[in-house]
Amino acid sequence: MHEGYSKVFVALDGTEQQDFVLARAIKVAANNGAALIIGHVIDSTALESAGSYPADLVQGLQDAFTNSIAAQVEQAKANPAIPSVDVVIRAGRIRETLKDEMLDVIEPDLVLCGARGLSSIKYALLGSISTFLLRNTDCDILVVK
């Protein structure tokens, strides 16, 4: 009986740390023979507060993110130990979109995310995605530092 992970989801935030987090997710997926799902939420809160924004702005942000991970995605797809690799990008409020439109739909058994290292003031105001995931998901969470 296989007791490892079968569906690994990695939440990427577009920061410079995301390459390291994605590399770790690729290793974990390969070591478990698991499907890899790469998720990214384009934060729409700044766009919403501006009132309106060009329709192609979200598409441009999506393309920039996809390009930033293209080499690692190809590496993962070429790994015979990883049965499938998918990239899921949505625009919305980060927490709600991540949980409702990604994790609740995909139902992974492991989620990886990075630790952004917010200052104590920013943490008090914004909270932490990793803390949110720990409190609001039913699967294992791996926070990569």
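**Labels and their grounds**

Biologist: Why is Asn32 called buried?

Modeller: This is a predicted model, and in it Asn32 has a relative accessible area of 18%. Buried means under 20%, so Asn32 is buried.

Biologist: Why do Cys113 and Cys139 count as buried?

Modeller: Cys113 has a relative accessible area of 3% and Cys139 is at 18%. The limit is 20%, so both are buried. As for disulfides, a search of the whole structure finds zero.

Biologist: Which residues have the most contacts inside the largest nonpolar core?

Modeller: They are Val8, Val10, Leu12, Leu36, Ile38, Ile82 and Leu112, in a core of 25 residues. Strands S1 (7–12), S2 (35–43), S3 (85–92) and S4 (110–114), with H1 and helix H3 (55–78), each supply at least two of its residues. H1 gives the largest share, seven residues. Another core, of 15 residues, lies apart from it and includes Phe9, Ile37, Leu103 and Cys113.

Biologist: How confident is the predictor, and where is the pLDDT below 50?

Modeller: The mean pLDDT is 87, with 83% of residues at 70 or more. Residues 121–126 are below 50, and beyond near neighbours in sequence this stretch has six contacts in the model. Where pLDDT is low, predicted coordinates should not be read in detail.

How values were computed
Residues numbered from 1 in each chain as written. Predicted model: local features only at pLDDT ≥ 70, side-chain atom pairs only at ≥ 80, totals over all residues. Heavy atoms only, no water. Disulfide = S-S within 2.5 Å. Buried < 20%, exposed > 50% of the residue type's maximum accessible area, 1.4 Å probe, protein only. pLDDT = per-residue confidence, 0-100. Contact = heavy atoms within 4.5 Å. Core = buried A, V, L, I, M, F, W, Y, C linked by side-chain atoms within 4.5 Å. Helix = DSSP H or I, 4+ residues; strand = E, 2+ residues; numbered from the N terminus.
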